[in-house]
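Please consider the following structure and the notes on its fold and aromatic contacts.

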Amino acid sequence: MQNQKWLGTITTLLIIVLVISGCGSSNNQKVDPKQSNTANESKAPEKSDSDKEVTIEYWQYEFPAKVELIDELIAEFQNLHPNIKVKQTNFPYDQYNQKVATLVPAGKGPDIINLYYGWLPKYVAAGYLQPLPEDSFPTTEIENNYYPLVEAAKIDGSYYAIPTAVRTLALFYNKDLLNKAQITEPPTTWEQLVETSVKLTETDAKGQFVIEGLAWEPGAQLHHWYRDGLLPQAGGQDLSEDRRKILWADTPAGLEAFQYLLDFAIKHKVGINGFYENDSNAFMNGYAALNIDGSFRLGSIKNDFANLNFGVAPLPSYKSKSTPSSFWANAIPNNVEGEKLNAAAEFLKFLTSKEVQEKWVDRIGELPAQKAVASQDKYVNDEKLGPFIAQLDYSRAHFFIDETQEKTLFVDATNEVLVNNVPVEKAFTDLVAKVQKLYDDYWAEVDKKS
């Protein structure tokens, strides 16, 4: 009886083994048992694509608050995607472009790169980047969900980068200095900005600044203020619709806006280039009463100047409202493919999620890139963030051919007036011609390749 039970058990086990073997072989080929055992011993079962481990590298410049936050986000992402490892690499800002130009073409660059939107045309023209995967970032969804300013990342009909956050400029004001001068409200018009700046300016017996009424630094945010703020507010246009022609001199508005900007230094004498090292340092240390700066400055003040008693107001307006906007965005180099491309796209989707955008606001001070996130009451009604967000609907992002060169040309033009006493009109005319040549050269190269 006992033997019969064991015989029945063995028979049942053999049937199970045969059934399992039949299920595992779809082509019904006979398999040599010896070969089968050897294969099982020497080689583990092959992982599916979702199980394979892949490592990707993320590059951004050395901005301490961003580096720290990305480290935290990487840890969070890896918990959600244990088979994707992300390595962060950072470079000093002034070395960043050179590192990209050297390493990316050599195939030694990152799998995801964080870059200023103004560098995109140059990077795309050099062949450094590939369009974002359409299945992960459909064009229609980008244009429905994001503020229109992100269209500056669209080149030849494709989006090459996507931001987590965006920036606008606004007027920072030192509440203590305004109270001292018995000024109850920040200025809201061009005329009021001049009057308020003059009242807030303090100089010593030698005429040297003690307090700048308005921090004046063309190489910081003022060149942006001109293109996408002052110029359109005065009734002028920046670029033609095809982005090929500089339109600053096509109406009197261009020169009027340029003169207005320069007059703060040469006529009203409320600020000067390089005071207290730079405009943001002057303001954060209490040596400038007003400063035009970006929403990203909120993070710096929160972290390092928590006792500064300041407020934020929309940019003063003239004939209409307009404010410059910009963004740092994430892109994928041209040589990334296969599993790394899929992993990079997954990480980019994570970096643009609602949760990450909200963390970015809290830690960095930049604004959510998506309309639905930025328009939440907790941001719109915030004393500091609200003025920036209120301007997003009429903000503009200049299409840079070469952000570094365009800034340099603008700063050189202001120095021609301040240092070399060149008439404002001549400096402006020369500036327009030089910027136009930059665009002509760029488009000539693009047309040659197409």
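This is a predicted model: local features need pLDDT of at least 70, side-chain atom pairs count only at pLDDT 80 or more; totals for chains, interfaces and linings use all residues.

1. Residues are numbered from 1 along each chain as its sequence is written, and side-chain values use heavy atoms, without hydrogens and water.

2. The protein has 19 helices and 16 strands (DSSP runs, H or I of at least four residues and E of at least two, numbered from the N terminus). Of its 450 residues, 51% count as buried (under 20% relative accessible area, with exposed over 50% and partly exposed in between; 1.4 Å probe, protein chains only).

3. The search of the whole structure finds 37 aromatic pairs (rings of Phe, Tyr and Trp, the last by its six-membered ring, with centres within 6.5 Å; planes under 30 degrees apart are stacked, over 60 edge-to-face, the rest tilted). Tryptophan 190 and tyrosine 260 are stacked, because their ring centres lie 4.2 Å apart with planes at 20 degrees. This pair links distant parts of the chain, helix H8 (residues 190–200) and helix H10 (residues 253–266), 70 residues apart. Tryptophan 190 is buried at 6% relative accessible area, and tyrosine 260 is buried at 11%.

4. Tyrosine 276 and tyrosine 287 also stack, with centres 4.4 Å apart and planes at 25 degrees. Tyrosine 276 is partly exposed at 37%, as is tyrosine 287 at 32%.

5. One aromatic cluster includes Tyr61, Phe63, Trp119, Trp328 and Phe400.
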